[in-house]
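Please look at the chain below with its secondary structure in view.

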Amino acid sequence: MEQASARHILVAVDGSDNSRRAVEHVAEVLAGTRGFRFTLLHVVAEPDPDYFANDPAKRLEWIANQRSEAIGYLEEYSRILAKAGIDPAAITEEVQELRCPSLAQCILDECTRRGAGVLVLGRQGRGAREELLLGSVSKAAVHNSKGRAVWVVT
């Protein structure tokens with residue numbers, strides 16, 4: 001585990017328009033700057049275990065497809081950052097499977113493990129009253145993040 005640095009920015013993405021806006025925001029704010037590291041993270045969240053209960057091969061195929069799709073947009077997001085003048089060598093792309101009780105917890109654990117002092121995510125509105133301003137993942141990240149800044153991009 002690394003000590004958190006404000007110069008290490010983890011951008012949690014899911015391929016949505018909101019996560020693309022989050023990456024574009026980071027590119028705009030930090031265009032041409034030096035001395036920052038970036039991690040683009042996608043966490044594959046499997047459906048309920050019962051969904052593939054009778055067909056483990058389908059589960060593996062589904063995960064492989066999710067990983068493949070994520071790699072595609074992580075590469076695209078890296079190009080957005082590089083086009084803004086961010087050194088491609090400072091950008092790491094990561095796809096993980098959900099190994100935590102929640103998506104937000106996986107993202108926060110990865111921030112801690114990598115020493116990311118800034119977490120950036122796109123807002124995902126779900127329609128619930130308490131999620132009108134922030135999606136459930138971004139809301140949990142804001143409330144449970146300790147010792148780091150959280151940028152929620154709308």
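Q: What makes eight residues of helix α2, I63, A70, Y73, L74, Y77, S78, I80 and L81, count as buried?
A: The residues I63, A70, Y73, L74, Y77, S78, I80 and L81 of α2 are buried, a word that stands for under 20% relative accessible area, while exposed stands for over 50% and partly exposed for what lies in between (1.4 Å probe, protein chains only). The model is a predicted one, in which local features need pLDDT of at least 70, side-chain atom pairs count only at pLDDT 80 or more, and totals for chains, interfaces and linings use all residues. Residues are numbered from 1 along each chain as its sequence is written, and side-chain values use heavy atoms, with hydrogens and water left out.

Q: Which elements do the buried residues of α2 pack against?
A: They pack against α1 (17-29), β2 and β3, where helices (H or I, at least four residues) and strands (E, at least two) are DSSP runs numbered from the N terminus. Contact here means heavy atoms within 4.5 Å.

Q: Why is α1 called roughly parallel to α2?
A: The axes, which are lines fitted to C-alpha atoms (for helices over the stretch in contact, with angles from 0 to 180 degrees between N-to-C directions), come within 8 Å for α1 and α2 and cross at roughly 25 degrees. Therefore α1 is roughly parallel to α2, since angles under 35 degrees count as roughly parallel, over 145 as roughly antiparallel, 65 to 115 as roughly perpendicular and the rest as oblique. The residues that make this contact are S19, R20, V23, E24, V26 and A27 of α1, together with E76, Y77, I80 and L81 of α2.

Q: How many residues of the contact of α1 with α2 fall into each class?
A: There are six nonpolar, one polar and three charged residues, where Ala, Val, Leu, Ile, Met, Phe, Trp, Tyr, Cys and Pro count as nonpolar, Asp, Glu, Lys and Arg as charged, and the others, Gly among them, as polar.

Q: What makes α3 oblique to α4?
A: The axes of α3 and α4 come within 8 Å and cross at roughly 45 degrees, and because of this angle α3 is oblique to α4. On the side of α3 the contact is made by L103, A104, I107 and L108, and on the side of α4 by V137, A140, A141 and N144. By class, the residues of this contact divide into seven nonpolar, one polar and no charged.

Q: Why is S138 called buried?
A: S138, which lies in helix α4 (residues 136-144), has a relative accessible area of 3% and is therefore buried. Leaving aside neighbours within four places in sequence, S138 is in contact with L121, R123 and V152.

Q: How do you know whether Y51 is buried or exposed?
A: Y51 has a relative accessible area of 60%, so this residue is exposed.
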